[in-house]
Each structure stands twice: as C-alpha cells, then as structure tokens.
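The tour goes from one selection to the next and says what is found at each stop.

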Amino acid sequence: MLLSLLIIIPFFSGFISFFSFKFNKYISRYIALISLILTFLVFIKIWICVDFKIYQLDHYPHWNYELILPWIPRFGIEFHLAVDSFSIIMLFLTFFLGIIAILCSWNEIKKNQGFFYFNVMLVLTGVIGIFIACDLFLFFFFWEIILVPMYFLISLWGNNKKDKKNSIHAANKFFIYAQISGLIMLMSILLLVFSYYQKTHILTFNYNLLIFSSVNLYIQYLVMFGLFVAFIIKMPIVPFHGWLLNFHCESSYCGTVDIIGALLKIAPYAMLRYSMTIFPNTIQKFAPIAMVLGLFSIFYGALLAFSQTNIKRLIAYASISHMGLILVAIYSNSEIAFQGVVIQILSNSISTAALCIISGQIYKYFKTHNILEMGGFWSNIYWIPAFSLFFALANLGLPGTGNFIGEFLILFGIFKTYSIVSIFAVISILFSSIYSLYMIQRIYYGPVKKNCSTLFPNIKEILILIILVLSLIFLGLMPQKILNISQDTISSIYYFQKEFINSILKIRL
C-alpha cells in the first residue's frame, strides 16, 4: 500500500491546506511542505525496498514495486500503480523540484494561500500519478487532473497582480492546448483498447497486456500518431509551442518552477514508456518525421530565444530548443541516447528552474522582465549575477555539469545511428551559446540603466540556488550513479523494441 500513499498524502494534504487557511493564513504552506516531505519519506522507503539488480534485458516490463486494485472491472479498468528504476528517478525529480517550488513561494504568495497550495498539491499529485500509473485509463486520468489546478495557478497568481487580463488569456490558451492533447490521447487509447478487444475478447487498459497487442498495422499507425501529437503538445514541440510562451510570461516564477521542472518532463517520459514499447515497429518508420520536427524545434527555439527582449520568453524558447534535442534522442533508436535523455531531463529541469527563479528575483527587485531596461546589474546585486552566469553556462552544456553529460550522451548516441542528424544537433549548441551569453551580457554588463542601492538577496534564495548548483555539479561529476539506477529499465525498453522488431521481420520472412 506504500505506492498508494504517494497519491493519497499530497491529494488530501491539498484539501487540508485549503480548509486550514480559514484558521491561520500561514499554516497552509507548512502543511504543503510537511506533506511533501512525508511523501518523499514514503518514496525513500519504497526506493530502499526496491532491488535494482539487472534483470534479463529483454524481459520487459519488470516492475520493482506494484499495487493492483479493482476500480471499474466491468470495463477492464484497474487502479494499477507500479514503479521501476525509470519511475524512481522521475519521482525523485518531482519531489525535489516540488519542495523547491514550495520554498520559493513561501513569502511570495500573499493572497489566497490555502487555495494556492491546494492547487500546487493537486498538480504534484497528478504528476506523481503519471509516473507510476500502469493502466492507460489511470494514466489519462492523472494527465487530465493537472489541467484545472494549473489553470487557477496561472490565472490567479500571475505576474501582473493588477491586470489579470493577460494571465487569464495565458491560462485559457494553456487549457485549450492541454484539453486538445487529452482528447487526442483518449481517442488513441480507446482505439487501441477496442482493437485489442476485437482480437482477444479481453477488454483491458492494462499496460502489461497492451504492449504485446498485435492489432492491425494501420490502427497501430493511427494510435501511435495520436499519442505522438498528444505528447508533443505537452513537451512542447513546434508548431504546438504557443501555450508555453504565454504561460512563462504571465505565471509567477513559483508556478513556472513546477511546470518547467516536472510537468514538461511527463511527455518525454510517456514517449519512452508508451510509444517505444507499444508501437516498436511503427515507431521506427515514423522516426525520420519526429527527428525533423525535433531538429526544427532546436533551431527555431534557439533563433527565437536570441531575438527576445523579455527574459521569460527567452527562457521559454530555450526550453523549446532543449525539448527538440530530447525528441531527436528518443527517436534515434540508440540506447546511449536514451540514457542521455534521462540525464538531460534531470539537468535541464534543474538549470531551467534555476533560471526561472533568478528571473523572478530580478523582477522582484527591478519590476521588469525587459532585457532592454536592464544592464550593469553585476554591481547592483550580490550573488545573483554569479549564479546566473553558472546556470546560463550549465544550460549550454558547461563541462562539469549534468547538462554536459546529457548532451554528450545524446549526441554520441545519435551519431551511432543518425550521424548527419547528430552534426546538425551539434551546430545547435553554438546557437544556444550565443543566446545564453547574450542574455548575461545585456543584463549584467554595460552601463547601469536602473540606479539603485546595492541589493542583498535573502539567505533562503541563496541556499536554494546553492542546492541547485550542487545538484548540477553532482550530475556532472557522478552521472554513473543515475545511469546505474536507470540502466535496467532504459536498456530493457531499448532491447524490448529491438526484439519485437526482429520477431516481426522473422514472421514476414
């Protein structure tokens, strides 16, 4: 039952935070933080119980911890939760950034704190559920449960506290994109389930059964394409990236830490977990299209980031560029690139979340996101410029950070299977260097454009940034620790699809 506690604790603590606000307006943030730490302790207990020995590589799926309860048996829907080494890493990232997001919002959210922490905990519940759901209907349920609390987080706690028009517009845009993504996913899942039913007369949403489905090839293409579109909307990949820009500009940086850190990573996770294993045959034929889209996103994001004058839009376009690289790696059919994706997900989440926090700090002190109104901040603020330089360099792959290891593994893996694509991806790193250094130069160097006394960030902000710095250095110096944990699942996914393709070819011969 430990797995169910990962869902139950944050879900109900959200309600307790909401109602406790009536008694004391500060107590809700303590409840949110304590419940998240409790959930993290439960997660540690599960992690200790999990045996991470290497299993037969072609034996997939192999869950290290599993819970199956009947939910709607008439329609083959189960409350099926499970974790393996891949889930463990994604859950750790969620808890880590979840605690950081709550600490960031500690003194920033001064209005309707109870409702704010209720929404934060509901979002975290949904993200945790996505990483441990082993039933496709349950996965869809958690995918959708995130939408409403995210809508309120964007619309009610946006940057501009006086004029809510832009925040509501950004929230509406996010909701429409996310709703379309969810509907396409639901249709694809239903098509897969009913096709499986026609073949076997078993109505089920069970992931363990559906990955061995031998449904009609054309239906496989349809389902695979539907899920692909649903996932790239959430990543987001060009041309479905419009919602992220508005979201970045209008949401508070506390909410941005959550969405960049964890929410954007559910789509790459879902691609590796579902697309690679349910459609191993069709996915290979679709790979060139996905890689072209990924490459286009890399260059489009990098070029548009360079031309931005709003620091939050610059970070948003940089995220689109990085997600393009992750998409290329996922479809590269390379085990090394898959391992690189795991490191890149962790590193990019941390460095981007840190840049969002820093942009929030700059806005707090200078009340602007416009880079043209900044300049010479190096002599105005202590600590923040040095942290900005570190995270900007980490974002472009500074050796010694996790981003460098992630990009190296991805490019090395892609080169083995698609060398030309790898060369184009390497060129993209040059573009990311340009916009990162451009951002640092325009904000911190040059003549001072805003006269003010020297600012000292508070100790909490400094400690949070130090923790993020140490995390990136840990990933850069000891990536093998993460690779050892994720190896059995990532290798199993790779060899499972390879074996499946080979068996299909043998049948055809």
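What follows is a list of stops, each with something to select and a short account of what is there.

**Before starting**

This is a predicted model, in which local features need pLDDT of at least 70 and side-chain atom pairs count only at pLDDT 80 or more, while totals for chains, interfaces and linings use all residues. Residues are numbered from 1 along each chain as its sequence is written, and side-chain values use heavy atoms, with hydrogens and water left out.

Helices (H or I, at least four residues) and strands (E, at least two) are DSSP runs, numbered from the N terminus.

**Stop 1: Ser-4**

Select Ser-4, which is found in helix α1 (residues 2-20). Is Ser-4 buried or exposed? Ser-4 counts as buried, at 5% relative accessibility. Buried means under 20% relative accessible area, exposed means over 50%, and partly exposed is in between (1.4 Å probe, protein chains only). Leaving aside residues up to four places away in sequence, Ser-4 touches Leu-67 and Leu-81. A contact here means heavy atoms within 4.5 Å.

**Stop 2: Val-83**

Move to strand β2 (residues 77-83) and select Val-83. Val-83 counts as buried, with 1% relative accessibility. Its contacts, not counting residues up to four places away in sequence, are Leu-3, Ile-46, Trp-63, Asn-64, Tyr-65, Leu-91 and Ile-132. Draw a line between the C-alpha atoms of Val-83 and Tyr-65: they are 18 residues apart along the chain and separated by 5.4 Å.

**Stop 3: helices α5 and α6**

Two packed helices are described by the angle between their axes and the distance between the axes. Select helix α5 (residues 136-145) and helix α6 (residues 147-156), which pack at an angle of about 15 degrees with their axes 5 Å apart. That makes α5 roughly parallel to α6. Axes are lines fitted to C-alpha atoms, for helices over the stretch in contact, and angles run from 0 to 180 degrees between N-to-C directions. Angles under 35 degrees count as roughly parallel, over 145 as roughly antiparallel, 65 to 115 as roughly perpendicular and the rest as oblique.

Now show the side chains at the contact: Trp-143, Glu-144 and Ile-145 in α5 meet Leu-147, Val-148 and Pro-149 in α6. By class, this contact has five nonpolar, no polar and one charged residues. Ala, Val, Leu, Ile, Met, Phe, Trp, Tyr, Cys and Pro count as nonpolar, Asp, Glu, Lys and Arg as charged, and the others, Gly among them, as polar.

**Stop 4: Val-193**

Val-193 is found in helix α7 (residues 165-200). Val-193 is buried, with a relative accessible area of 1%. Not counting residues up to four places away in sequence, Val-193 touches Leu-203, Thr-204, Phe-205 and Leu-210.

**Stop 5**

Next, look at the loop between α9 (217-234) and α10, where Pro-236 is found. The peptide bond from Met-235 to Pro-236 is cis, with omega near -10 degrees. Pro-239 lies in this loop between α9 and α10 too, and the peptide bond from Val-238 to Pro-239 is cis, with omega near 15 degrees.

Continue into helix α10 (residues 242-250): nine of its nine residues are buried, so α10 is largely enclosed by the rest of the structure. Among them are Trp-243, Phe-247 and His-248.

**Stop 6: Asn-333**

Select Asn-333 in the loop between α14 and α15. Its phi is near 55 degrees, a positive value in a residue other than glycine. Asn-333 counts as partly exposed, at 25% relative accessibility.

**Stop 7: the largest cavity**

A cavity is a set of points, on a 1 Å grid over the protein atoms alone, where a 1.4 Å probe fits but cannot get out; a pocket is an open set with protein on both sides within 12 Å along at least five of seven lines; lining residues have an atom within 4 Å of a point. Grid points are joined across faces, edges and corners, and a volume is the space filled by probe spheres set on the points.

How much space lies in the largest cavity? The largest cavity holds about 90 Å³. To find it, select Ile-298, Ser-321, His-322, Leu-325, Glu-407, Leu-411, Ala-425, Ser-428, Ile-429 and Ser-432, which line it. Helix α18 gives the largest share of this lining, four residues.
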